[in-house]
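Hi,

Here is the structure I promised to pass on.

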Amino acid sequence: MSDELNTDPRGAFPRLWAKHDPGIRAFVRASLPDPHDLAEVMQNVSVIAWKKFSDLEDAETGFGPWVSVIARYEILKFRRSKARDRLVLDEDVAEKLLDEPSDSFSTRSEWLLCLSTCLKKLKKDHQSLLQEAYASDMSIKKLAEQRKRKPNAVYQTLSRLRSVLADCIEKEMSMKGAQ
Amino acid sequence: MKNKHDKLFYKYLDGRLSEEEKSELNNLLRKDNEACERLKLLATVSEGLSEYSYHPQNNVTKPSLKYVPWLISLAASIVAVLSFLKPEATPDFPKLEVSTPQTPFYALLVDQAGAGFADGAGPDQVRFKKGFYQLDDGVIHLRFSNGVDTVMRAPATFAIMNDSNIRLDHGDVWAIVPAGAEGFTISSPSIDYEDRGTEFAISVDGEKRSSTLHVIDGQVDARNPKSSELLSSVFEGQSTEFSDGELIPVKTPDLSKFPSPNSIGYLRWQEQHSFYTNQSDELIGYFPFFEEPQLKNYSTNPIAGNGGIHGARWVTGRWPGKKALLFDRDDDYVEFNITHEFDELSMSTWINIDRFDKTLTSVFVSNDWDVPGDFFWQMTRYGQICMGYHGGNRINKTNTQVIPTGQWIHLSGSVSIPQKRVKLYINGEMMSYADLDPSSFNKMVPGMCRMGNWHTTNINEGNKVRALCGKIDQFSIWQKELSQEEVDELVELGKISVLWAMSSR
């Protein structure tokens with residue numbers, strides 16, 4: 001355990017949370033794509049993780065997987081609280097997505113690291129489009145107006161770029177595996 | 001081709017699936033493990049793009065962590081506030097999902113009661129960014145990223161400039177500035193009020209372009225906004241009015257019109273009456289403690305009856321205006337006669353205990369304790385609490401917390417004979433669990449019982465005096481076991497303020 005964890009276990013929480021937040025969000029997002037649902041579950045997860053943080057023995061290495069377990073439970077709890085017609089995924093499918101092997105969290109973290117590499121490989125114009133679409137509150141409609149394009153065309157481009165990035169991540173992962 | 005389903009997955013991730021496509025997606029994911037993995041990857045890409053602040057000239061950088069610590073500490077409150085807010089209207093074309101706005105926000109709405117903003121002049125859910133806001137209804141409590149708390153009551157118009165500056169055009173605000181956030185400034189027409197580490201209240205009349213400052217604690221400097229010239233330093237207990245270009249000391253400040261963090265709690269409590277009166281028949285006693293000759297039961301199934309007040313006096317409860325009963329003498333109590341039989345009983349109360357000066361202190365106990373089925377809820381000298389009934393043997397599994405004194409707390413507990421267990425909570429946290437053996441008697445019949453005291457005619461009883469020293473300002477009785485979620489809701493509905501919730505849970 002690090003000095004920080006020894007002397008101020010609660011003080012380490014924000015740092016660990018910030019480090020693993022994208023991976024946890026990605027895990028929740030696959031099951032709950034609606035941004036409001038995602039935000040609500042993430043907030044519940046953060047509160048529970050904060051309260052139970054002192055129970056975690058190996059926080060440095062175990063934080064991400066541990067929070068994923070909390071997130072899994074909170075997703076299922078959240079689903080139970082919602083009307084069935086509001087949920088996109090059937091119960092068995094949602095559980096299938098949530099039942100992951102123990103090393104999945106580190107895989108997801110690797111994906112996020114590869115995403116950084118892959119983003120750099122995109123053309124400047126595509127980088128700029130992604131930045132505008134994701135790093136602001138701008139709607140696709142407004143983004144399309146600015147770029148003098150049809151909204152659907154912008155949406156298709158963004159979808160294609162996401163697929164390009166996903167393919168690139170898979171390639172990066174396979175190269176890492178081969179090394 | 002591994003990305004042949006990507007289009008379907010994007011529709012799912014972006015909230016654009018038709019009913020037919022939902023079915024297609026479920027069938028695909030059910031049978032195709034590779035499709036599941038691809039969806040997880042695309043979700044990670046989408047979330048990664050949202051999370052990373054991407055600058056083409058600077059490559060990829062990690063997101064700012066500025067807000068993380070306080071965001072986490074406030075998360076519980078935000079969830080509660082979110083539940084009061086209606087979701088925004090769906091845009092005509094779905095936005096690419098951005099779950100955490102990357103544009104900075106300076107304050108979060110951590111509590112509110114009846115809040116309503118003018119169209120186009122409200123927050124993004126609970127986030128307040130730089131911009132103009134118009135509060136038309138209710139009261140709001142904002143917490144800034146530097147820890148400053150501000151409470152405002154409608155009508156109010158204001159602009160958030162950054163995390164240390166509000167421009168108040170009209171309205172009343174109460175501000176609590178913690179150490180380290182000194183310099184927090186509320187700008188009003190023609191004058192800036194700069195905090196030096198304190199608690200203060202400001203009222204601005206937009207039409208007259210005048211303002212009044214009351215310093216509750218510490219020091220506030222009034223400055224010329226153009227030259228930053230110090231016009232006056234106002235200290236604890238002092239008030240000043242700025243009108244027609246002049247600062248004039250005010251002798252008799254009226255603080256009653258200013259909203260405080262607690263006033264939101266009181267408004268919420270006033271609104272919660274309908275929550276209790278809309279409960280099912282399982283709520284058999286709801287005592288909001290309105291000042292009346294009897295402790296009146298407002299439940300729609302009031303089989304617990306009204307309570308007869310003996311000695312206990314009406315005093316102020318959790319908030320000014322809210323009534324409580326004070327129990328501070330050995331013969332103060334409220335008596336009930338509950339003759340029904342129960343398999344399950346739960347009770348909850350808001351209580352402020354002065355001290356534990358007796359071996360046992362009664363919250364709610366059947367008289368005499370001589371008949372199987374008699375009920376008890378009482379506390380030990382050491383601040384531990386227990387609940388049960390005559391005939392039900394309890395085996396404590398955990399009893400970890402001590403009840404705090406000198407502050408308002410929420411206590412609740414349930415006895416379930418079918419589930420063979422007793423659960424007790426302090427401020428929504430389970431603090432005691434006991435297994436229950438109902439084999440000798442399997443019904444609860446409280447009969448004649450007292451709140452805040454105990455009566456016995458047994459001359460051999462060693463602990464006859466069990467009078468409560470403290471106040472109670474709400475009490476409820478259910479003929480069912482309360483779940484953790486229900487206990488949480490009771491605490492949420494009655495919490496004194498969001499600041500109380502942060503320090504107590």
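This is a predicted model: local features need pLDDT of at least 70, side-chain atom pairs count only at pLDDT 80 or more; totals for chains, interfaces and linings use all residues.

**Strands in chain B**

In β6(B), F158(B) is the bridge partner of Y133(B). Residues are numbered from 1 along each chain as its sequence is written, chains are lettered from A and ligands numbered from 1 in the order in which they are written, and side-chain values use heavy atoms, leaving out hydrogens and water.

Back to the strands. β5(B) and β6(B) run antiparallel and are joined by ten bridges (two strands pair if DSSP finds at least two bridges between them). Their hairpin has four residues between the strands, and G147(B) takes a positive phi near 95° in it. β5(B), residues 131–144, is also antiparallel to β3(B), residues 105–117, with eight bridges joining them; there, A107(B) stands opposite F144(B) of β5(B).

The peptide bond from A154(B) to P155(B) is cis, omega being near -5°. P155(B) sits in strand β6 of chain B, residues 149–162.

K148(A) is in the loop between α8 (140–146) and α9 (151–178) of chain A, and N427(B) is in the loop between β28 (421–426) and β29 (429–437) of chain B. K148(A) is exposed, with a relative accessible area of 76%, whereas N427(B) is buried at 4% (buried is under 20%, exposed over 50%, partly exposed in between, using a 1.4 Å probe and protein chains only).

**A helix pair in chain A**

How do α3(A) and α4(A) pack? Helix α3 (residues 35–52) and helix α4 (residues 59–81) of chain A have their axes 9 Å apart, at an angle of about 130°. Axes are lines fitted to C-alpha atoms, for helices over the stretch in contact, with angles from 0 to 180 degrees between N-to-C directions. The two are therefore oblique to each other (under 35 degrees is roughly parallel, over 145 roughly antiparallel, 65 to 115 roughly perpendicular, the rest oblique).

The contact (heavy atoms within 4.5 Å) includes V41(A) and I48(A) of α3(A), and W66(A) and F78(A) of α4(A).

Cheers
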